[in-house]
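Let's take a friendly tour of one protein model. Have a look at the picture before reading on.

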Amino acid sequence: MDINMEDMKQIFKEEGYKLTTQRRAILDAIVENHEKHLNPEEVYDIVKINCPEIGIATVYRTLQLLEKLNIIYRVNFDDGYNRYELNHDSDSHHHHHLICLKCGNIMEVKLDLLENLENEIEMENGFKIVDHNVKFFGYCADCQE
């Protein structure tokens with residue numbers, strides 16, 4: 001996963017913020033672990049290895065800022081945590097999540113079969129859908145054994 005830090009610096013600058021060392025470390029942790037859907041405590045545990053002076057409050061504030069800047073977005077898998085994903089492109093199609101009830105592993109499903117359903121719902125109800133979120137709960141291949 002490659003993220004252009006010059007683009008990130010530009011987003012921060014345009015919005016009147018600086019991409020500080022700590023903010024950069026938090027963003028790097030999310031990028032390097034994008035497949036893990038990290039919660040704030042997990043981000044903190046990763047970042048404090050190289051930035052031992054960072055506080056958990058800084059991580060929370062930075063995650064809020066990154067979300068405000070539309071760099072990441074928050075997802076909730078009904079496990080008591082907010083988790084974060086990179087916002088690759090707001091125009092890209094949705095993806096869904098498979099959540100293992102035993103080990104908690106979260107996998108992304110890139111296939112989006114709901115586009116036709118969304119179109120039908122919009123036409124039938126005069127409703128403009130701007131987003132949807134689908135979560136499938138079950139057992140991963142490892143936990144089925």
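## Two loop residues

Keep in mind that this is a predicted model. Start with H37, which sits in the loop between α2 (21-32) and α3 (40-50). Its phi is near 50 degrees, a positive value in a residue that isn't glycine. Is H37 buried or exposed? Its relative accessibility is 1%, so H37 counts as buried, given that the cut-off for buried is under 20%.

Now jump to N70, in the loop between α4 (56-68) and β1 (72-76). N70 isn't glycine either, and its phi is positive too, near 65 degrees. With a relative accessibility of 46%, though, N70 counts as partly exposed.

## A nonpolar patch

Next, check out the surface. L98, M107 and F136 form a nonpolar patch there, and together they have about 240 Å² of accessible area.

Let's zoom in on one of the three, L98. You'll find L98 in strand β3, which covers residues 96-100. L98 counts as partly exposed because its relative accessibility is 32%.

Finally, how do α3 and α4 pack? Their axes are 9 Å apart, and the angle of packing is about 120 degrees. That angle makes α3 oblique to α4. The crossing has a handedness as well: α3 passes α4 in a right-handed one.

Methods: Residues numbered from 1 in each chain as written. Predicted model: local features only at pLDDT ≥ 70, side-chain atom pairs only at ≥ 80, totals over all residues. Heavy atoms only, no water. Helix = DSSP H or I, 4+ residues; strand = E, 2+ residues; numbered from the N terminus. Buried < 20%, exposed > 50% of the residue type's maximum accessible area, 1.4 Å probe, protein only. Patch = residues over 30% accessible without salt bridge, like charges linked within 9 Å, V, L, I, M, F, W, Y side chains within 5 Å. Areas by Shrake-Rupley, 256 points an atom, 1.4 Å probe, with all protein chains shown as cover. Salt bridge = Lys/Arg side-chain N within 4 Å of Asp/Glu carboxyl O. Axes fitted to C-alpha atoms, helices over the stretch in contact; angles between N-to-C directions. Parallel < 35°, antiparallel > 145°, perpendicular 65-115°, else oblique. Left-handed = near helix turned anticlockwise from the far one by under 90°.
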